[in-house]
Amino acid sequence: MLIKTPLHMKILVTGGAGFIGSHTVVELFKAGYESVILDNFSNSEKAVLDGLKEIIGQETPYYEADINDPAAWDKVFTENKIDGIIHFAANKAVGESVQNPLKYYRNNVAATVLMIEKMQEYGVSNLVFSSSCTVYGEPDSLPVTEQSPIKPANSPYGNTKQICEEIIKDTVATQKGLRAISLRYFNPIGAHETVLIGELPIGVPANLVPFITQTVAGLRGQLSVFGDDYPTRDGTAVRDYIHVVDLAKAHVSALALLIKQGDAPAYYDIFNIGTGTGSSVLEVITAFEKATGLKVDYAIKPRRAGDVTAVYADCTKSNEVLGWKTEKTLEDALGDAWRWQEKVAKR
Ligand code: NAD
Ligand code: WQD
């Protein structure tokens, strides 16, 4: 049997122009893989491709197409011998998913079904899927392990991640030759250290860190800290914030593990990808101020509907089985997020 090395492997990165996808394309390149991007740029800009080119020194081939379009998959698979897929493309706005659930069930769930059917049709074996810590809801105990119970989703978005995990698990169980890993990301933040790529939130950011950077940049009046009456050390809610580059590297480790399975009859596994440390909203603000020397103007406001008190990861399994661990600190991530914000503001 011909064993391919990463140098000869071509990975399809759906949503590869997005926040996490673009950073993963960089890490794939560094590990010796070739990437092909499939993205419709519905939540990203073509300029990302220029940033990627500057970082890795060459163009990344891309298809501007919709993952819901069967012909797009046919074109990609006919024109390329794809060894694996990292599936980022999805919609991710929790609030929007409540208003427009069918958009989420179509783009996140139906498109994933189509993708797996096309993988079957073209004999593509390896899949890494973007899941989320949102599947744990309000955990009974902390930190959460991969065995912690899955809680009823509190948004259609969260539900799409639970459903896709089930779809992938069930398909692997019956379909010879499909190997898959779901990565449950905690809260990704930051930007590439070159600040040539980063997060591009559209409109008013719902997430904490882009809201902080936009407030400090003068684009938002004041940060609202949603709730200081949670049963946590300072009353504000606790999350596990992970640098996007550390998160990107986890995908390379997951892919390597899938490829190592060779022709194993069935392989499916799930990994938490976080830092293992919870930080409160006030701790994030303090760390931002320390990393940048800048003050964050904030006010305490009522809790935000749907927020959990605290969630952070037990990453023992990803450390041991994937051989992956985080390398960057919260301050690294916040410093990079700020330098990216400054760069974006100048465009
Ligand atoms: P993102 O919006 O920056 O990237 C998603 C990319 O997919 C975008 O470039 C978008 O244009 C593309 N896309 C969306 N629908 C498409 C379609 N129909 N056809 C082709 N391309 C399409 O999001 P991200 O933060 O990079 O998230 C990537 C994945 O990780 C998503 O599946 C998301 O649900 C998951 N995730 C994100 C977070 C987070 O906080 N960012 C946390 C957990 C899980
Ligand atoms: C973090 C903390 C807020 C904004 C969301 C999705 C989740 C996952 C990651 C994809 C919370 C507080 C926020 C603000 C604040 N995405 N906050 N003021 O809610 O943990 O997770 O993104 O899978 O599914 O729900 O992240 O960054 O929105 O909030 O005080 O202006 O910051 O209340 O405690 P969250 P977040």
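A: The count comes to 1 cavity of 30 Å³ or more. A cavity here is a set of points, on a 1 Å grid over the protein atoms alone, where a 1.4 Å probe fits but cannot get out. The model is predicted: local features need pLDDT of at least 70, side-chain atom pairs count only at pLDDT 80 or more, and totals for chains, interfaces and linings use all residues. Residues are numbered from 1 along each chain as its sequence is written, chains are lettered from A and ligands numbered from 1 in the order in which they are written, and side-chain values use heavy atoms, with hydrogens and water left out.

The largest cavity has a volume of about 40 Å³. Volume means the space filled by probe spheres set on the grid points, which are joined across faces, edges and corners. Its lining consists of His-87, Phe-88, Ala-89, Ala-90, Asn-108, Thr-112, Phe-129, Ser-130, Thr-160, Lys-161 and Cys-164; a lining residue has an atom within 4 Å of a point. Helix H5 (101–122), strand E5 (126–132) and helix H6 (156–174) each give two or more residues to this lining. Helices (H or I, at least four residues) and strands (E, at least two) are DSSP runs, numbered from the N terminus. H6 supplies the largest share, 3 residues. By class, the lining holds 5 nonpolar, 5 polar and 1 charged. Nonpolar means Ala, Val, Leu, Ile, Met, Phe, Trp, Tyr, Cys and Pro; charged means Asp, Glu, Lys and Arg; the others, Gly among them, are polar.

Now ligand 1. It has 28 residues around it, and Asp-39, Asn-43, Ser-44, Asn-107 and Tyr-157 come nearest. To count, a residue needs a heavy atom within 4 Å of the molecule. Polar contacts (N or O atom pairs within 3.5 Å) follow. A polar backbone atom of Asn-40 is 3.1 Å from a nitrogen atom of ligand 1. Ser-42 also uses a polar backbone atom, 3.0 Å from an oxygen atom of the ligand. Tyr-157 brings a polar side-chain atom to 2.7 Å from an oxygen atom of ligand 1. On its own, ligand 1 has 820 Å² of accessible area, and the protein covers 94% of that. These areas come from the Shrake-Rupley method with a 1.4 Å probe. Helix H1 (19–30), E5 and H6 give two or more residues to this shell. E5 gives the most, with 3 residues. The shell divides into 13 nonpolar, 11 polar and 4 charged residues.

Next, ligand 2. The side chain of Tyr-157 places an N or O atom 2.6 Å from an oxygen atom of ligand 2. Ser-224 has a backbone N or O atom 2.7 Å from a nitrogen atom of the ligand. A polar side-chain atom of Asp-307 lies 2.5 Å from an oxygen atom of ligand 2. The protein covers 87% of the 690 Å² of accessible area that ligand 2 has on its own.

Note on methods. 1 Å grid on protein atoms, 1.4 Å probe; cavity = no way out; pocket = protein on both sides within 12 Å on 5 of 7 lines; lining within 4 Å. Polar contact = N/O pair within 3.5 Å; in protein donor to acceptor, adjacent residues only side chain to side chain.
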